[in-house]
Amino acid sequence: MPSSLVFSDVAFRQQRSERARMTLTVGQALIAGAAGFWVLHGLSLQNWVFAGVEGLVAASGAALLFVTRRVPLALAGHLTFWVTFACIWLMLLSLEGVQGPGSSFNQVWFLTLAVGACVVLIEVRRSVAVCYVALCAASFLAAQLGWITADPVAPLPAELAGPGRGVGMLLHAFAMLVLVRAIVEDVRRGEHALAESASRIQALLDNVLPATVSARLRRDGTTFADKHEACSVLFADIVGFTPLASATPPDALVRLLDEVFSTFDDLAESLGLEKIKTIGDAYMAASGLPEARADHAIVLVEFALRMREAVAAYPRLSIRIGINSGQVVAGLIGKQRLAYDLWGDTVNIAAHMESHGIAGEIQVSAATHALIAEQFACDAGGEVAVAGRPPLHVYRVSGRRREGAHG
């Protein structure tokens with residue numbers, strides 16, 4: 001599975017199907033290979049019955065290898081279970097008989113088959129897998145506890161009984177090792193995939209939310225809103241964007257807007273500010289939240305100056321910026337498409353500072369001016385009339401009082 005993809009439920013199902021297919025293939029190869037070995041051994045001793053029974057088992061394993069690769073997983077699992085189940089009973093009844101506890105090692109293969117059925121068929125239907133495991137357990141108990149007794153059709157010669165048990169124990173251990181390894185490897189891959197997915201989700205959250213907000217959302221898993229007593233809010237709007245959009249091809253327009261806003265993002269990151277959102281050609285940022293900082297107004301005005309300088313590199317563009325400082329409520333609300341946002345009178349006034357501003361100018365409120373007057377030169381901009389409130393005194397930032405006033 002490509003590591004560049006975040007694992008989905010579909011990807012995990014595919015991984016589990018691959019594990020089931022691998023388990024089937026290994027089990028069928030084990031049946032065919034082990035039985036083939038005993039066929040040769042039986043022929044060398046001229047024990048035709050033993051060689052014939054083992055040959056039938058070997059042929060069954062080889063046929064399963066050929067057939068089940070070409071059919072759906074569910075059918076392959078069912079075929080393998082019933083053929084293997086029949087082969088175990090064939091070896092029990094024909095060669096060793098069923099004589100109670102310890103009379104045969106072959107009955108242990110019912111337990112191996114039960115584990116294999118659980119690994120493979122749990123992906124098909126849980127109830128079927130449970131029934132198959134129960135059938136294997138019942139068969140093992142019936143043979144082991146003597147609930148069923150039967151004499152062998154062709155008793156296994158003494159020269160084969162001892163080595164057969166030893167080799168059978170090794171094969172059983174190997175089969176269980178393969179099954180356990182398949183499960184452990186599946187768990188390991190799943191853990192790796194989950195860790196990778198969690199890392200990518202964390203990176204995605206950190207990209208769209210402030211780091212502390214992202215960590216809080218992952219920790220608490222609930223929406224929230226907090227009051228911030230002292231912060232500054234900026235709105236910026238590209239002037240004349242609507243006529244520019246009508247005269248520019250869509251792909252070129254998107255590239256231009258992406259280039260400008262990416263520059264703003266880099267500036268915000270370098271100054272430790274929080275980009276809140278973009279709406280069309282408008283850009284919103286804030287300072288002093290979610291972590292408080294004493295210079296919130298100063299650094300945001302410095303950001304505005306750098307924004308204006310960056311836009312000056314585009315002859316067809318001009319920017320209008322408004323800033324206000326004060327108390328806001330910030331957080332995540334709602335159920336879908338969560339976004340970190342701000343509310344309150346401070347935000348509304350910042351929006352008015354921008355909308356009543358002049359192209360190419362940075363207009364700030366009296367509250368912001370009081371916090372930046374020592375670092376930045378400002379000109380009085382008169383008053384702005386806003387419905388439902390007294391006229392607002394505004395100022396326009398003309399520049400830094402000294403180069404490098406901030407950052």
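What follows is a chat about a few features of a predicted model.

Biologist: Before we start, what kind of model is this, and how are the residues numbered?
Modeller: This is a predicted model, in which local features need pLDDT of at least 70 and side-chain atom pairs count only at pLDDT 80 or more, while totals for chains, interfaces and linings use all residues. Residues are numbered from 1 along each chain as its sequence is written, and side-chain values use heavy atoms, with hydrogens and water left out.

Biologist: How do H9 and H10 pack?
Modeller: Helix H9 (residues 250–271) and helix H10 (residues 296–311) pack at an angle of about 150°, and their axes are 10 Å apart; axes here are lines fitted to C-alpha atoms over the stretch in contact, with angles from 0 to 180 degrees between N-to-C directions. H9 and H10 are therefore roughly antiparallel to each other, a label given to angles over 145 degrees.

Biologist: Which residues make that contact?
Modeller: With contact meaning heavy atoms within 4.5 Å, H9 contributes Val 260, Thr 263, Phe 264, Leu 267, Ala 268, Ser 270 and Leu 271, and H10 contributes Val 299, Glu 302, Phe 303, Arg 306, Met 307, Ala 310 and Val 311.

Biologist: Switching topic, how many aromatic pairs are there?
Modeller: A search of the whole structure finds eleven, where rings of Phe, Tyr and Trp (its six-membered ring) pair if their centres lie within 6.5 Å. Among them, Trp 82 and Phe 85 are edge-to-face, at 5.8 Å centre to centre with 85° between the planes; edge-to-face is the term for planes over 60 degrees apart.

Biologist: Where do Trp 82 and Phe 85 sit in the helix, and is each one buried or partly exposed?
Modeller: Trp 82 and Phe 85 are three residues apart in helix H3 (residues 73–96), so about one helical turn separates them. Trp 82 is partly exposed at 41% relative accessible area, whereas Phe 85 is buried at 11%, with buried meaning under 20%, exposed over 50% and partly exposed in between (1.4 Å probe, protein chains only).

Biologist: Which residues are in the ring cluster?
Modeller: Ring pairs link Phe 81, Trp 82, Phe 85, Trp 89, Phe 110 and Tyr 132 into a cluster.

Biologist: And what about Met 284, buried or exposed?
Modeller: Met 284, which is found in strand S3 (residues 282–287), counts as buried at 3% relative accessibility. Strands are DSSP runs (E, at least two residues), as helices are (H or I, at least four), numbered from the N terminus.

Biologist: Which residues does Met 284 touch?
Modeller: Leaving out residues up to four places away in sequence, Met 284 touches residues including Val 233, Leu 234, Phe 235, Ile 276 and Leu 342. The C-alpha atoms of Met 284 and Leu 234 are separated by 5.6 Å, although these residues are 50 residues apart along the chain.

Technical notes
Angles under 35 degrees count as roughly parallel, over 145 as roughly antiparallel, 65 to 115 as roughly perpendicular and the rest as oblique. Rings of Phe, Tyr and Trp (its six-membered ring) pair if their centres lie within 6.5 Å; planes under 30 degrees apart count as stacked, over 60 as edge-to-face and the rest as tilted.
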